[in-house]
Amino acid sequence: MTLLSATLSHPWLVVDLGAPQRVLSFAPHRPGFVHARQIIWREVRNADLTRDFAVETWFPGQLAQHGLIDAVGMLTSRDIRRYTRAEACVEGIRAAALATVGLGNAERVGHRQNRPGPEAGGSYGTINIAVQLAGPAPGWGLTETAQIEALTIAAQARTAAVIAARLDLPQGPMTGTGTDCLALAAPPGTQNFAGLHTALGEAVGHAVYTAVTAGAQDWIAENGSLK
């Protein structure tokens with residue numbers, strides 16, 4: 001089974017899960033625990049992202065027009081052609097991560113930067129990540145509790161990769177962007193733990209760290225440093 005099968009049709013990046021799965025996210029479209037077969041990226045330009053941009057009405061309309069209303073949907077101003085993907089397998093548990101990494105909207109946790117929006121010449125950027133899990137045997141899956149824990153491991157791996165990129169803000173190294181989004185898909189089941197001591201946690205962490213590291217290196221090669 002191919003995990004996170006991606007189809008690029010600008011400005012859409014459509015990631016197929018192979019079958020409907022339980023997805024946990026804080027995406028702008030269909031957040032929380034939902035069942036979906038697809039996770040979607042929609043590229044938008046910085047100039048579109050004004051303070052009065054009504055994403056809650058515009059985005060569902062765009063998805064409906066393209067037959068994607070049942071997907072989990074994320075937005076990014078990063079060039080979606082620059083997505084990165086990584087996969088890890090630990091003790092038969094597979095984790096795949098697909099990321100778009102834009103760092104122009106850099107933040108350090110516990111502090112907010114005072115920067116202009118795009119309408120005033122500023123820049124947005126975000127780190128969007130999709131993770132899909134598969135187990136060693138038919139019927140393997142996660143409880144909701146384990147899926148929540150796995151999402152925190154994905155977030156931790158994202159942050160570790162960003163810190164390793166060594167991009168500094170006045171308060172210290174950046175830890176993410178102000179608009180990061182994560183979505184994690186897995187079959188439901190009885191696996192109840194997903195922490196750093198588990199094979200599941202190791203697989204998720206390795207896949208996400210690898211994908212975000214590659215994306216951050218690509219962004220730095222293109223942009224040089226934080227503006």
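User: Which residues of α2 are called buried?

Analyst: Happy to list them: Ala-146, Gln-147, Ala-150, Leu-151, Ile-153, Ala-154, Ala-157, Arg-158, Ala-161 and Val-162. Buried means under 20% relative accessible area, exposed over 50%, and partly exposed in between, with a 1.4 Å probe and protein chains only. A word on the source: this is a predicted model, in which local features need pLDDT of at least 70, side-chain atom pairs count only at pLDDT 80 or more, and totals for chains, interfaces and linings use all residues. Residues are numbered from 1 along each chain as its sequence is written, and side-chain values use heavy atoms, with hydrogens and water left out.

User: What do the buried residues of α2 pack against?

Analyst: Their partners are β2 (12-25), β3 (32-43), β8 (127-134), β11 (176-177), β12 (181-186) and α3 (199-223). Contact here means heavy atoms within 4.5 Å. The element names follow DSSP runs numbered from the N terminus: helices are H or I of at least four residues, strands E of at least two.

User: How do you know that the length of helix α2 agrees with its number of residues?

Analyst: The expected span is 1.5 Å times one less than the number of residues. For the 21 residues of α2 (residues 144-164) that gives 30 Å, and the end C-alpha atoms are 30 Å apart, so the two agree. Just after α2, Arg-166 takes a positive phi of about 60°.

User: Why is Cys-89 called exposed, and why is Cys-181 called buried?

Analyst: Cys-89 has 53% relative accessibility, which is over the 50% cut-off, so Cys-89 counts as exposed. Cys-181 has 4%, which is under 20%, so Cys-181 counts as buried. As for disulfides (pairs of cysteine sulfur atoms within 2.5 Å), the structure holds zero.

User: What makes β1 and β2 a pair?

Analyst: Two strands pair if DSSP finds at least two bridges between them. Five bridges join β1 (residues 5-9) to β2, so the pair qualifies, and the strands run antiparallel. They form a hairpin with two residues between them, and Leu-8 stands opposite Leu-13 in β2.

User: Why is the protein called as compact as a globular protein of that length?

Analyst: The protein has three helices and twelve strands. Its radius of gyration is 17 Å, close to the 17 Å that the globule rule gives for 227 residues, so the protein is as compact as a globular protein of that length. The radius is taken over C-alpha atoms, and the rule is 2.2 Å times the number of residues to the power 0.38. Of the 227 residues, 50% count as buried.
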